[in-house]
Amino acid sequence: MEGEKGVGLERVVFFSDAVFAIAITLLVLDIRVPEIPGALEDERLPEELAALWPKYLSYVLSFVVITMYWMGHHSIFSYIRGYDRTLMWLNALFLMAIAFLPFPTSLLGEYGEHRLAVVVYAGSLAVARLLLTAVWWYASAGRRLVDRGLSERMVRAHLLRGLAMPAVFVLSIGVSFLSLSAAMYTWGLLVAADLLAQRALRRRGW
């Protein structure tokens, strides 16, 4: 295992957690309280709140996905024992993608009936997860920054888990050319795919 150890690695993790916290907080800022003339509040407020459902949906979806990415990041760094500049830059690129996610979330909430918004959203989340997978690949290749005793099966399992979510998002981009609703439904496979991956890891004792 190469690279530096100790407090520096903890700072990388703490900084990452802070970016996740900020990104996940910014998601809700796009849901704004409707502005209604005082005389019409009782009449129009329920309708205006109901009309915000696309924003509610995009918020919940992104909250869940970012949380899953945070859990994946936590899992990966539980095996990493050192760091170097390349790892820091790869992690920074991943965090840049995470910090960007409130924008496609807002775009989806506002223009979810347009294919471009769906493609931008799915593509952004796919890129983010691929960058996290790149962090794991770099750290685990040749046991560069992880324990020498880490099994090859464990390394492959986490690589496959890291490719499952991007695969679903890329699939949804293709499906969007047939049906936007169907493309969004495929995102429901994300949770199922990740849960199955976690179950397989636990079953095999990885």
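This is a predicted model: local features need pLDDT of at least 70, side-chain atom pairs count only at pLDDT 80 or more; totals for chains, interfaces and linings use all residues.
Guide: Local features here need pLDDT of at least 70 and side-chain atom pairs count only at pLDDT 80 or more, whereas totals for chains, interfaces and linings use all residues. Residues are numbered from 1 along each chain as its sequence is written, and side-chain values use heavy atoms, with hydrogens and water left out.

Visitor: Why is Asp84 said to have no salt bridge?

Guide: A salt bridge requires a side-chain nitrogen of Lys or Arg within 4 Å of a carboxyl oxygen of Asp or Glu; the nearest side chain of opposite charge, Arg144, is 5.1 Å away, so Asp84, although buried (under 20% relative accessible area), has none.

Visitor: What does the side chain of Asp84 reach at 3.3 Å?

Guide: That side chain reaches the backbone nitrogen of Thr86 at 3.3 Å, and one of its polar atoms lies 2.9 Å from the backbone nitrogen of Leu87; a polar contact is a pair of N or O atoms within 3.5 Å, one able to donate a hydrogen and the other to accept it within protein, and residues adjacent in sequence count only if both atoms are side-chain atoms.

Visitor: Why is Trp53 called exposed?

Guide: Exposed means over 50% relative accessible area, and Trp53, at 54%, therefore counts as exposed; Trp53 is found in helix α3.

Visitor: Which residues form the nonpolar patch on the surface?

Guide: Leu45, Leu49, Trp53, Tyr56 and Leu57 form it, with about 490 Å² of accessible area together, and the largest share, three residues, comes from α3.

Notes. Buried means under 20% relative accessible area, exposed over 50%, partly exposed in between (1.4 Å probe, protein chains only). Lys and Arg count as positive and Asp and Glu as negative; His and the chain ends are not counted. Patches are made of residues with over 30% relative accessible area and no salt bridge: like charges are joined within 9 Å, nonpolar side chains (Val, Leu, Ile, Met, Phe, Trp, Tyr) within 5 Å. Accessible areas come from the Shrake-Rupley method with a 1.4 Å probe; for residues, only the protein chains shown count as cover. Helices (H or I, at least four residues) and strands (E, at least two) are DSSP runs, numbered from the N terminus.
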